[in-house]
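Subject: The structure you asked about

Hi there,

Here is the structure I promised to send over. Have a look at it first, and then read on for what turned up.

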Amino acid sequence: MTTAESLTLAPARRAAGAVVLPGSKSISNRALLLAALAQGRTRLQGLLDSDDTRVMLAALRQLGVAVRSIGPTEVEIEGVCPFPARQAELFLGNAGTAFRPMTAALAVMGGDYRLSGVPRMHERPIGDLVDGLRALGADIRYTGNEGYPPLAIGRGSLRVDGPVRVKGSVSSQFLTALLMAAPMLASQAGVDLVIEVEGELISKPYILITLNLMARFGVEVRREGWNRYVVPAGAAYRSPGTLPIEGDASSASYFMALGAIAGGPVRIRGVGAASIQGDIAFADTLQAMGARIRRDADSIEAEGVCVAEGGRLRAFDLDFNLIPDAAMTAAALALYADGPCTLRNIGSWRVKETDRIHAMHTELAKLGAQVESGPDWLRVHPVQPGQWRPASIATYDDHRMAMCFSLAAFGPVPVTILDPGCVSKTFPDYFTVFQGLLRD
């Protein structure tokens with residue numbers, strides 16, 4: 001049964017088939033902003049069509065960037081820097097991949113800008129990024145709570161008189177934002193811009209996505225370990241012409257997991273061994289749990305046990321700092337393991353679309369699992385036969401909560417997903433695709 005408010009999934013047994021992934025959210029929003037800043041015209045193909053990219057596209061249009069839609073997943077952008085509109089009020093939803101880089105770009109340009117989002121975005125910290133930009137002379141003010149959006153950006157007096165420092169322990173998006181804005185400042189100042197990360201940098205693979213895309217737009221950043229980055233004087237973004245967008249590796253995790261617990265094979269097209277996204281490493285986690293994985297350059301196939309017929313995955317105790325989004329899928333798979341599963345170093349979950357450690361703990365327990373958690377870890381004991389409970393799963397307006405709990409359908413009881421439409425953030429037709437892979 002499906003309503004606008006809920007979707008009830010009957011107990012499922014097997015899944016097989018093929019799926020074509022939507023474009024990567026991480027790549028799409030980075031590429032949109034880089035195309036807008038670059039000299040020349042850029043055509044982006046395979047762009048994600050979702051809430052997060054729509055707010056970015058709307059913001060670019062408000063800022064005077066010429067954006068031509070060729071289709072739902074293809075756009076053409078005429079780059080211009082600085083943006084023609086020197087005053088704007090921008091609503092960026094709950095899209096961290098839009099809010100953080102746009103903050104840095106507009107702060108370096110200067111103007112009269114107001115940036116806001118949904119209430120949850122106003123609970124997601126941004127102070128470390130603002131501190132780094134203020135050290136460069138940017139004029140940024142908090143219009144709500146100190147350290148959090150919404151923000152007001154004015155005309156600062158920017159300068160480069162030494163390294164700019166940013167903390168890396170809360171979100172790698174702060175470093176991404178500084179890196180993407182840095183060529184504008186390095187070019188204005190005529191000197192190299194050095195960015196230094198204070199403390200441990202989390203989610204390192206996302207920084208590699210940023211550096212890879214900057215290079216495709218003509219800016220080569222010198223990375224010295226994980227704590228020092230040098231953007232050369234005179235750096236400038238130039239259009240690569242046409243840029244294809246990879247499929248979303250985080251979304252691929254649900255379908256790889258489906259193959260691992262429902263027999264399979266499930267083939268995922270659009271991302272594979274040649275991916276620049278760190279979450280493709282989730283395939284290694286599945287192999288450690290007993291799944292069989294086959295990789296091609298742009299596709300991946302997974303097959304494994306049939307948990308509805310008594311099969312079990314191997315339990316794990318792993319550090320998921322490098323793949324925090326895909327780690328949520330692993331937490332759902334722990335329901336079907338042969339022992340307790342521990343996810344470590346996932347403190348970044350606390351400041352995502354919701355507090356994901358609290359949310360996963362609460363909702364997994366509803367199904368009958370014994371769950372323990374701490375500041376940056378989660379331990380899930382598999383549900384034993386006869387202990388499964390039908391449950392209505394709250395999704396907390398978090399797309400990944402909805403998608404990973406679809407995998408709970410392979411227990412012996414019905415599972416109801418509340419607010420299934422929240423998947424529109426990154427994968428609007430997820431449940432249609434998911435149900436199309438189910439087999440009797």
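In which helix is the place of Thr 103? Thr 103 sits in helix α3, which spans residues 96–109. Before going further, please keep in mind that this is a predicted model.

Thr 103 has a relative accessibility of 0%, so Thr 103 counts as buried. Leaving aside neighbours within four places in sequence, its contacts are Leu 115, Ile 126, Leu 129, Leu 133, Ile 140, Leu 151 and Ile 153.

Ala 36 belongs to helix α1 and is buried, at a relative accessible area of 0%. Not counting residues up to four places away in sequence, Ala 36 touches Leu 60, Val 65, Ile 77, Gly 79, Val 80 and Phe 83. Leu 57 is 21 residues away from Ala 36 in sequence, and the two C-alpha atoms are 10.0 Å apart.

UniProt (unreviewed entry) has a "binding site" annotation covering Lys 25, Ser 26, Arg 30, Ser 171, Ser 172, Gln 173, Ser 203, Asp 325 and Lys 352. From this set, the lining of the largest cavity takes in Lys 25, Ser 26, Arg 30, Ser 171, Ser 172, Gln 173, Ser 203, Asp 325 and Lys 352.

- Arg 30 is in helix α1, residues 25–37. Its relative accessible area is 4%, so Arg 30 is buried. Beyond residues up to four places away in sequence, Arg 30 touches Thr 97, Thr 176, Met 180, Tyr 206, Ile 209, Thr 210 and Leu 213.
- Ser 171 lies in the loop between β10 (164–167) and α5 (173–189). Ser 171 is buried too, with a relative accessible area of 11%. Arg 100 and Ile 202 are what Ser 171 touches, not counting residues up to four places away in sequence. A polar atom of the Ser 171 side chain is 3.1 Å from the backbone nitrogen of Gln 173.
- Gln 173 is part of helix α5. With a relative accessible area of 17%, Gln 173 is buried because the cut-off for that word is under 20%. Leaving aside neighbours within four places in sequence, Gln 173 is in contact with Gly 96, Thr 97 and Arg 100.

The UniProt record (unreviewed entry) also lists Lys 25, Gly 96, Arg 124, Gln 173, Arg 356, Arg 400 and Lys 425 under "binding site". Of these residues, Lys 25, Gly 96, Arg 124, Gln 173, Arg 356 and Arg 400 are included in the lining of the largest cavity.

What about Lys 425 itself: is Lys 425 buried or exposed? Lys 425 counts as buried, at 6% relative accessibility. Its place is in the loop between β23 (415–418) and α12. Apart from neighbours within four places in sequence, Lys 425 is in contact with Lys 25, Ser 50, Asp 51, Asp 52, Asn 94, Ala 95, Glu 353 and His 399. With Glu 353 there is a polar contact between the two side chains, at 3.4 Å.

On to the aromatic residues. There are eight aromatic pairs in the structure. One of them is formed by Tyr 254 and Tyr 430, edge-to-face, at 5.8 Å centre to centre and with 75° between the planes. This pair links distant parts of the chain, 176 residues apart: Tyr 254 is in helix α7 (residues 249–261) and Tyr 430 in helix α12 (residues 430–436). Tyr 254 is buried at 1% relative accessibility, and Tyr 430 is buried at 0%. Tyr 430 also pairs with Phe 431: the ring centres are 5.1 Å apart and the planes are at 80°, so this pair is edge-to-face. Phe 431 has a relative accessibility of 8% and counts as buried. One aromatic cluster is made up of Tyr 254, Phe 255, Phe 427, Tyr 430, Phe 431 and Phe 434.

Arg 223 lies over the face of Trp 226, 4.0 Å from the ring centre. Arg 267 is in strand β15, residues 263–269, and its side chain makes a polar contact of 3.3 Å with the side chain of Glu 301.

How values were computed
Residues are numbered from 1 along each chain as its sequence is written. This is a predicted model: local features need pLDDT of at least 70, side-chain atom pairs count only at pLDDT 80 or more; totals for chains, interfaces and linings use all residues. Side-chain values use heavy atoms; hydrogens and water are left out. Helices (H or I, at least four residues) and strands (E, at least two) are DSSP runs, numbered from the N terminus. A polar contact is a pair of N or O atoms within 3.5 Å; within protein, one must be able to donate a hydrogen and the other to accept it, and residues adjacent in sequence count only if both atoms are side-chain atoms. UniProt positions are given in the numbering used here, feature names are shortened, and annotations may be inferred rather than shown by experiment. On a 1 Å grid over the protein atoms alone, a cavity is a set of points where a 1.4 Å probe fits but cannot get out, and a pocket is an open set with protein on both sides within 12 Å along at least five of seven lines; lining residues have an atom within 4 Å of a point. Buried means under 20% relative accessible area, exposed over 50%, partly exposed in between (1.4 Å probe, protein chains only). Contact means heavy atoms within 4.5 Å. Rings of Phe, Tyr and Trp (its six-membered ring) pair if their centres lie within 6.5 Å; planes under 30 degrees apart count as stacked, over 60 as edge-to-face and the rest as tilted. A charge sits over a ring if NZ of Lys or CZ of Arg is within 6 Å of the ring centre and within 35 degrees of the ring normal.
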